[in-house]
Amino acid sequence: MTSISVSAAAYRAPMTEIEYVRGDATEPRGKGVRIVAHVCNDLGGWGKGFVLAVSRRWPEPEAAYRRWHRERAGNDFGLGAAQFVQVSPYLWVANLVGQRGIRAGRSSGVPVRYEAIGAALGKLADKAVELGASVHMPRIGCGLAGGKWERVEPLVRERLVGRGIPVTVYDFGA
């Protein structure tokens, strides 16, 4: 009888690449279960940036986020947390708390918190694997949060792409 030894690396999910497209992340491409992910602040504020497009398309994510914040004493709301809101049978929105506050002050720096985005992306990866979903997002943390994609992209690669989850990043425009 022959014994075959296979390393643990052989069992890892296949690597995929991030697909960059022009378009609207609230209109995710493809078939199957899809999760639209975006970054929220830890103050309960919802009213500028990508969240406006989310709210125009689906009312549920904003209502769920505001309730999650309001009831934060009894739940996991905070930096690094993730909330998943189903908006149709095959579509979810992920509210990822990765921004401290809402404005960049001269002394306090930008609101983005890369460690929190990384933690929230880990939770997103678990949900995507559970649902067999692809993930769709703008360049999260890089708008009003003031982050740099050069810092966020490696987190997306490590937490999502590294687990074989298809990711599409949308740059808004024609």
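**Figure 1. K127 is a residue of helix α3.** The model shown here and in the other views is predicted. K127 is buried, because its relative accessible area of 15% falls under the limit of 20%. Leaving out residues up to four places away in sequence, K127 touches I35, F84 and W92. One of these, F84, stands opposite A94 in β4. Helix α3 covers residues 114-131 and lies across β2, β3, β4 and β5. Its direction makes an angle of about 165° with that of β4.

**Figure 2. Six strands form an open sheet with mixed pairing.** In what order do the strands of the sheet stand? The order is β1-β6-β5-β2-β4-β3. The edges are taken by β1 (18-22) and β3 (82-88). Each edge strand has a single partner, so one side of each has no neighbour in the sheet. From one strand to the next, the twist averages 30°. Strand β3 is joined by 6 bridges to β4 (residues 91-99), and the two strands run antiparallel. Helix α2, made of residues 60-70, packs on the sheet and touches β2 (34-41), β3 and β4. The direction of α2 makes about 150° with that of β3.

**Figure 3. The largest nonpolar core contains 31 residues.** Which residues have the most contacts inside this core? They are L121, M137 and L160. At least two residues of the core come from each of β2, β4, α3, β5, α4 and β6. Helix α3 gives the most, with 7 residues. Another core, of 16 residues, lies apart from the largest one. Among the residues of this other core are W46, V51, A64 and V93.

**Figure 4. P138 sits in the loop between β5 (134-137) and α4 (149-159).** Is P138 buried or exposed? P138 is buried, since its relative accessible area of 17% is under 20%. Its contacts, leaving aside neighbours within four places in sequence, are A25, A37, F50, V169 and Y170. P138 and T168 are 30 residues apart along the chain, and their C-alpha atoms are separated by 8.4 Å.

**Figure 5. V169 belongs to strand β6, which spans residues 167-171.** V169 is buried, with a relative accessible area of 0%. Which residues does V169 touch, apart from those up to four places away in sequence? They are I18, E19, Y20, V21, M137, P138, R139 and W149. Between V169 and M137 the C-alpha to C-alpha distance is 5.1 Å, although the two are 32 residues apart in sequence.

**Figure 6. Helix α4 has buried residues along one face.** The buried residues of α4 are W149, V152, E153, L155 and V156. Why do they line one face of the helix? Seen down the axis of α4, they fall within an arc of 160°, so they line one face. The elements that cover these buried residues include β1, α3, β5 and β6. E150 and E158, on the other side of α4, are exposed.

**Figure 7. The whole protein has 4 helices and 6 strands.** Starting at the N terminus, the elements follow one another as β-β-α-α-β-β-α-β-α-β. How much of the protein is made up of buried residues? Of the 174 residues, 47% are buried. Among contacts with a separation of 6 or more, 69% are between residues 24 or more positions apart. The accessible surface of the protein comes to about 9,500 Å². Carbon and sulfur atoms account for 52% of that surface.

Definitions and conventions
Residues are numbered from 1 along each chain as its sequence is written. This is a predicted model: local features need pLDDT of at least 70, side-chain atom pairs count only at pLDDT 80 or more; totals for chains, interfaces and linings use all residues. Side-chain values use heavy atoms; hydrogens and water are left out. Buried means under 20% relative accessible area, exposed over 50%, partly exposed in between (1.4 Å probe, protein chains only). Contact means heavy atoms within 4.5 Å. Two strands pair if DSSP finds at least two bridges between them. Axes are lines fitted to C-alpha atoms, for helices over the stretch in contact, and angles run from 0 to 180 degrees between N-to-C directions. A nonpolar core is a set of buried Ala, Val, Leu, Ile, Met, Phe, Trp, Tyr and Cys residues joined through side-chain atoms within 4.5 Å. The arc is that of the directions from the helix axis to the C-beta atoms. Accessible areas come from the Shrake-Rupley method with a 1.4 Å probe; for residues, only the protein chains shown count as cover.
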